[in-house]
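Colleague: Could you walk me through this one? I have a few questions ready.

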Amino acid sequence: MTRSHTKAPLAGTPSLLRAINDRAALELLLANGPLSRTQIGTLTGLSKPTASQLLARLEAAGLVLPVGTTAGGPGPNAQLYQVNPAAGYVAGLDVTNSHVRVAVADISGATLSEHVVPTKGWQAAATVPRVAAAVAEAVRAAGLAEDALHTVVIGVGGAPDPVTGKLRYASHLPGWHAPRLVEGLAEAIGAPVTIENDVNLAAVAEQSSGAAGGFEDFVLLWAGEGTGAAIVIAGRLHRGFTGGAGEVGYMPVPGSPVRDVRRRNSGGFQELVGAPAVRALAKEHGFAAPTAEEAVARALATPGTGDAFLTELAVRLAVGLAVIVAVVDPRLVVLSGGVPTAGGERLRALVEEELARISPARPEVRGSALTGSPVLIGALARALAAAREAVFSTH
């Protein structure tokens, strides 16, 4: 008995080469904006006839659009092409215990709308429909049809278990622990959904468009209401066996052992640098404030006592970083989250100085280079990568 098999295109076949050339042209258009046939041919090394065939193929597939002509050159004006923004749409979400922030973007990466919904008073059972309603509102605000989304990526302060899919380390997010959470969200939203750790997404954002651009090995330390880290090794996020790599809020540090791993804020690094600890430290130095960020800002504006507070805060941050650096040995550390952002260059410099004192490894320390929500930016970047891979590979 014989079996028939459908064979994939072999390396070097015309169909495979066309697919490679098409993808290269689309990436060039995304990176450089509108380009002419001649410019695409020059950048890809393709002949003019081949570049013309490529553009015709992509235009017929709805992936590129003509958008005017060149002007001012010695010869005739040339037709310019760009990626068709309507080839696909994505959404990114930043979920905290106080709000859900949604952004919708087209496949070129242009953000079309943002929508924020406070979560105060949400019942756990209403989480899925309310998140879906927030996404639907953002889609409407973008002027899109309700079924327009190709991919949705959601950033949350926890980690999905790679085996069970259940969200771990997220007791502060009621309603996000259902056994079929991802499936339920996908059904309610009407598009594939991926849930990712929020700090990991902040690292994706820094790598794609922020302080970690060009770095293959780095650690991002997030300090705000919660504390976490993202670890990037050889250009890829390291998630760990259960998805919990980077949950450094639980990391025992000198003077703050974890007393109960089932409870948040029960010891560990979180009790040194989490927002409640920063507010308490600020109060000791005479900078009582309703938020950790405001306390840091007041200290920056107060020479003397403000410097003492910032120095002690930097020492605390450096203690935890020294443990992480001793294990990972990254080339770069990026400080992100509300506290480092409020502390700006002054706090960054103090952390780098203290880390150099207590750690034999001395990575460069940078502050976040992003404006807006790093988690939301990272969620959109991850969603766009997935959508482009699917859309650009199936025409």
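**Charges, a helix face and an arginine**

Colleague: How far apart are the mean positions of the positive and negative charges of the protein chain?

Modeller: First, this is a predicted model, where local features need pLDDT of at least 70, side-chain atom pairs count only at pLDDT 80 or more, and totals for chains, interfaces and linings use all residues. Residues are numbered from 1 along each chain as its sequence is written, and side-chain values use heavy atoms, with hydrogens and water left out. Lys and Arg count as positive, Asp and Glu as negative, with His and the chain ends not counted; each charge is placed at NZ of Lys, CZ of Arg, CG of Asp or CD of Glu. For the 32 positive and 33 negative charges of the protein chain, the mean positions are apart by 4 Å.

Colleague: Within what arc do the buried residues of H9 fall?

Modeller: Helices here are DSSP runs of H or I, at least four residues, numbered from the N terminus, and buried means under 20% relative accessible area with a 1.4 Å probe, protein chains only. In helix H9 (residues 292–300) the buried ones are Ala292, Ala295, Val296 and Ala299. They line one face of the helix, because the directions from the helix axis to their C-beta atoms fall within an arc of 100°.

Colleague: Which side chain does arginine 23 join in a polar contact?

Modeller: Arginine 23 sits in helix H1 (residues 14–32). Leaving out residues up to four places away in sequence, it touches (heavy atoms within 4.5 Å) Arg388, Glu389, Phe392 and Ser393. A polar contact is a pair of N or O atoms within 3.5 Å, and within protein one must be able to donate a hydrogen and the other to accept it; residues adjacent in sequence count only if both atoms are side-chain atoms. At 3.3 Å, the side-chain partner of arginine 23 is glutamate 389.

Note on methods: Buried < 20%, exposed > 50% of the residue type's maximum accessible area, 1.4 Å probe, protein only. Helix = DSSP H or I, 4+ residues; strand = E, 2+ residues; numbered from the N terminus.
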